[in-house]
Amino acid sequence: MPTIECIYNLILLQLGWSGVTLLIVVIITGGLTFFFSYYNRFGSKSLIEQNLKLEEKSNKLSLQLMEKSIELSKVEETLHSTQDQLIQSEKMASLGQLTAGIAHEIQNPLNFVNNFSELSAELLDELSDSLSNKEKENIINDIKQNLNKIAFHGKRADSIVKGMLQLSRTAPVVKQTTDINKLVEEFFILAYHGMRAKDPGFNCTMEKHLSSNLPEVKIIPQDVSRVILNIFNNSFYSVDERSKIEGKDYRPKVSISTKQLNGNITVTIRDNGKGIAEDLRSKIFDPFFTTKPTGKGTGLGLSISKDIIEKGHNGNIQLDSKTGEYTEFIITLPI
């Protein structure tokens, strides 16, 4: 049987080098022709089928993505709705806590109004008696003083009611020129009485260091009041919790101070309560985060407060605290 080498030598002998080269070219050309013919018949068909499959998969994926997008939109709408409800709930919870305190605070000026009204009526009865001109003049002066006191305490009660009505409004409002000292002092008292109404045994030293020469600032009073009220509520809650732990040796204290600094007004609220752990301070303004037990808070109060001060008033709110010693919130508002 002839070997490959014999066949090769035979072909080379018969055809010569040029013939062998030509034969190689013919074989390569024929092989390439066969390959492309096969590829065109079967390879292109396979590619078309793969493209069709890929297109089908792409369509299915697009449809799934569209469905997921619709689902996410619905979830987002639900979350927005839930957040609005929680914000309103937080707002109403603060108002609810103040109800008894407000009633107590309004009762004081109303008692003055009633007492001075009765006293004035008695003085008018005395005028009808035969008195000397000097005595009548004294009575008339007393009545005038009483009327001034009635007007003062009537306006005080009216301002409290108006302040609470503003706090409960939801419609957009414009900024108003406001006396910060008056605002923080009023809500300091209201928050304290609200805490006392909730826990009649609660006692706390209240310190005020209010700068006497502060300029008035343009703010949305009901929004800033909400921030102040929320922080006061947190402060009173914190000192009350520490008081329950440490007992009679502990002296709870909450203080408020205001001052003008570098074109801003700063409001500092400080308590000597439980303090906030270092690992929690970075989260304290996050939505839904709270250091209170379940059911004691929604975790939205400080988040809303931060938005009100920083986004609504171009100000700043900062926290400083030391566990077991104090917590301090510093609110900065531009003049």
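Here is a walk through the structure, from the overall chain down to a few residues and their charged partners.

This is a predicted model, in which local features need pLDDT of at least 70 and side-chain atom pairs count only at pLDDT 80 or more, while totals for chains, interfaces and linings use all residues. Residues are numbered from 1 along each chain as its sequence is written, and side-chain values use heavy atoms, with hydrogens and water left out.

Let's start with the layout. The chain has six helices and seven strands, with helices (H or I, at least four residues) and strands (E, at least two) taken as DSSP runs and numbered from the N terminus. Read from the N terminus, the order is α-α-β-α-β-β-α-β-β-α-α-β-β. Of the 335 residues, 32% count as buried; that label means under 20% relative accessible area, with exposed over 50% and partly exposed in between (1.4 Å probe, protein chains only).

Helix α3 (residues 180–198) holds Glu185, which is partly exposed at 30% relative accessibility. Beyond residues up to four places away in sequence, Glu185 touches Lys208 and Leu210. The C-alpha atoms of Glu185 and Leu210 sit 8.8 Å apart, although 25 residues separate the two along the chain.

Ser235 is buried, at 2% relative accessible area, and it contacts Val254, Ile269 and Asp271 once neighbours within four places are set aside.

On to the charges. Side chains of opposite charge can pair when their charged atoms come close. The structure holds ten salt bridges, each a side-chain nitrogen of Lys or Arg within 4 Å of a carboxyl oxygen of Asp or Glu. One of them joins Asp223 and Arg226, with the closest N and O atoms 3.7 Å apart. Both residues lie in helix α4, three residues apart, about one turn of the helix. Asp223 is buried at 19%, whereas Arg226 is partly exposed at 21%.

Also in α4, Lys244 and Asp240 are four residues apart, so about one helical turn separates them. Their closest N and O atoms are 3.6 Å apart. Lys244 is exposed at 57%, but Asp240 is buried at 8%. Glu241 joins Asp240 and Lys244 in a network of salt bridges.

Helix α6 (residues 301–313) carries Lys311 and Asp307, again four residues apart, and their salt bridge has its closest N and O atoms at 3.7 Å. Lys311 is exposed at 66%, and Asp307 is partly exposed at 36%.

Key:
Contact means heavy atoms within 4.5 Å.
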